[in-house]
Every structure is written in structure tokens, then in C-alpha cells.
Amino acid sequence: MSTLPARAGRRCHHAVNPFHSAVYFSPDLREEMAALGVTDPDAAYFASRAAAFGAVGPGTVTATFFNFRHDLVARHLPAVWEVATPAQVLDARLRAADRTLRRLLGEEAVAAPEVAEAAELALRAAEGCARPGRPLYAAHADLPVPAEPHLAYWHAATLLREHRGDAHLAALLDAELDPLEALISHTATGFGMAPKWVLGTRGWTQQEWDEASARLGARGILDQEGSLTEKGSALRAELEERTDRLDAGPYEHLGAEGTLRLTELAKDLLGRIFAAGAFPDGMLGRG
């Protein structure tokens, strides 16, 4: 039986997660990866997020990232490891995180005691994560914790992000949603990635989008306008509730008071990086 308020872990995740993912949209990461010789943005993303696995091939990334077309992944892996080693990529990603956070937050905010408190709470929450069945989390859990508080918080956000993400994939598979169906049904909630971003970054074609939408329509998940039906809304809600149950460990370990405090601190930091332009306009929504 959970001791947390309803959806407390989910609310904390939504506040913490973007702090990690901001680096993937950062010009600092592109510059750091280009300095290693990795200039293609897709290759830079796949390498920087997968480097904790070592020099893996496309199968591992397609399986664990879930929503990318395999052909797109295979275009860049394993070839990228001939340009830069996983260790070099991990170092570049951490340098990019440092540059990005200092640029978005400012030096005074980076050194603020609230960042150190957020790092301490998030790392404590991560102690409640579990490796079995969670490959992206487990790979990152083997990495050292950076010494500086803002990077320690970024690292903890990585662990919490990937732990919930691994759990969410299990829920998607149980719901019998393939990668593109999962993306389309999430977009239909109004909170997922906009169609142009899905098609522009995940490797899928418009024809594949239309075919997946038709499959969702045949299952009664989407209506003719591409909106969620009552059944579809219930399915998406159940997906999040299943993910909450599978991802409860970190927040049960941290406790209700700590989870609420981490959420408060994370929301403040998230607001700061959003205001500083951490994410592109028009990335989310149905448009």
C-alpha cells in the first residue's frame, strides 16, 4: 500500500525529467559532439544517450529507446563508435550538461543551496530504483555521480527519467501498442510530441503515421478526427497508472515529505530553464 499522495511520484517525475532531457536540445551538446567528429544530430543523440551501454549496435537502441524507426538507428549505429568511443561521448555529454545548466540557470543559481538540496533528494530517491528489467536505468546507474551539485542533480534526474521510461515501455507492451501507435496516442492527449516532430526526428513516414492511426481507429482508440475516444482516454490513463505502480520505488523510498519537497524544488528549476529557452517552441501538442 502506497504511503504517497495520489500521483505524487508522477508529478515529481514530470518536474525532474526535463532537467535531464534539456541537454539533448542544447547547442552545447552539438558542439561537444562535433568536436569529437560526430556532426549528425541523430548520431549525436543516439550516441550520447546510449553510451552508458558501451559500443552497442542498433538493436539495443531500437529496443530500449522504443519509438525510433530501426532503419534510422541503424544508419548511425554502430558506425558512430568508429568516430568516438562511448567513454569520450559520456565525457562530452557531461561537459555539455555543465555548459547548458550554467547558461540556462546562471552561475549564481547553479551554486544556490536549493540545487544542492535537490541533488541530495533526487539521489536519495534514486536509491529506491531497481535494475532488473530496466536496462537504460541500470546502465546509467553504473556511472559515477558527479561531484558538483548541479551535475549531481542532472545525473539523478537521468536515473529517475530512465527508470520511469523503462517501466513505461513495459506498460506500452502490455497494452499492445507498437512504437508509432504509442507516439500517436500520446500526441492525441495534447501532451505528447507534435506530429511534425515525430516525423522529423523518429524516422517514421506520413504513410506509416496514417496506417498506425488507422489501426488505432480500428481498435476504437482514435475517432475519425484523430482524437482519443472514451476508450482511448481510458487506455492512456491506465498506462500512466501502471507506470506509476512500476515506478513507485524511488518515491516510496524518499517518502511523502521528501517527494513533495523535491517536486517543489524541481518545478522552480524547470521554470527557470523553460524561461531561458531550453526547449524548442511547438515541440509538444497536436498541431
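## Burial and overall form

A residue is called buried here when its relative accessible area is under 20%, exposed when that area is over 50%, and partly exposed in between, using a 1.4 Å probe and protein chains only. By this criterion, buried residues make up 53% of the 287 residues in the chain. The model is a predicted one, in which local features need pLDDT of at least 70 and side-chain atom pairs count only at pLDDT 80 or more, while totals for chains, interfaces and linings use all residues. Residues are numbered from 1 along each chain as its sequence is written, and side-chain values use heavy atoms, with hydrogens and water left out.

The secondary structure comes to 15 helices and zero strands, where helices (H or I, at least four residues) and strands (E, at least two) are DSSP runs numbered from the N terminus. The radius of gyration of the chain is 19 Å, close to the 19 Å that the globule rule gives for 287 residues, so the chain is as compact as a globular protein of that length; the radius is taken over C-alpha atoms, and the rule is 2.2 Å times the number of residues to the power 0.38. Along the principal axes, the C-alpha atoms fill a box of roughly 55 × 50 × 35 Å. Of the contacts (heavy atoms within 4.5 Å) with a separation of 6 or more, 77% are accounted for by residues 24 or more positions apart.

Helix 8 (residues 113-126) and helix 15 have axes that come within 9 Å and cross at roughly 150°; axes are lines fitted to C-alpha atoms, for helices over the stretch in contact, and angles run from 0 to 180 degrees between N-to-C directions. Their crossing is left-handed, a term used if the near helix is turned anticlockwise from the far one by less than a right angle, with right-handed used if clockwise. Glu114, Glu117, Leu121 and Arg124 are among the residues that helix 8 brings to this contact, and those of helix 15 include His253, Gly258, Arg261 and Leu265. By class, the contact has ten nonpolar, two polar and four charged residues, where Ala, Val, Leu, Ile, Met, Phe, Trp, Tyr, Cys and Pro count as nonpolar, Asp, Glu, Lys and Arg as charged, and the others, Gly among them, as polar.

Helix 8 also packs against helix 10, at an angle of about 30° and with the axes 8 Å apart. Helix 8 and helix 10 are therefore roughly parallel to each other, given that angles under 35 degrees count as roughly parallel, over 145 as roughly antiparallel, 65 to 115 as roughly perpendicular and the rest as oblique. This crossing is left-handed. Residues of helix 8 including Val115, Ala119, Ala122 and Ala126 meet residues of helix 10 that include Pro149, Tyr153, Ala156 and Leu160, and the contact has 14 nonpolar, two polar and no charged residues.

Helix 10 (residues 149-174) and helix 15 (residues 249-275) pack at an angle of about 120°, with their axes 14 Å apart, and that makes helix 10 oblique to helix 15. Tyr153, Leu160 and His163 of helix 10 form the contact with Pro250, Tyr251, Leu262, Ala266 and Leu269 of helix 15, a set with seven nonpolar, one polar and no charged residues. Helix 10 passes helix 15 in a left-handed crossing.

In helix 4 (residues 58-65), Pro58, Val61, Thr62, Thr64 and Phe65 are buried, and what covers them includes helix 3 (41-50), helix 5 (70-74), helix 9 (135-141) and helix 10. Just after helix 4, phenylalanine 66 takes a positive phi of about 75°.

Alanine 51, in the loop between helix 3 and helix 4, is buried, with a relative accessible area of 3%. Not counting residues up to four places away in sequence, alanine 51 touches Trp81, Pro86, Val89 and Leu90; from leucine 90 it is 39 residues apart in sequence and 6.2 Å apart in space, C-alpha to C-alpha.

## Backbone features

A cis peptide bond, with omega of about 5°, joins leucine 77 and proline 78, and proline 78 lies in the loop between helix 5 and helix 6 (86-105).

Arginine 7, in the segment before helix 1 (8-21), has a positive phi of about 65° although it is not a glycine, and is partly exposed, with a relative accessible area of 46%. Glutamate 176, in the loop between helix 10 and helix 11 (179-187), likewise is not a glycine and has a positive phi of about 60°; glutamate 176 is exposed, with a relative accessible area of 60%.
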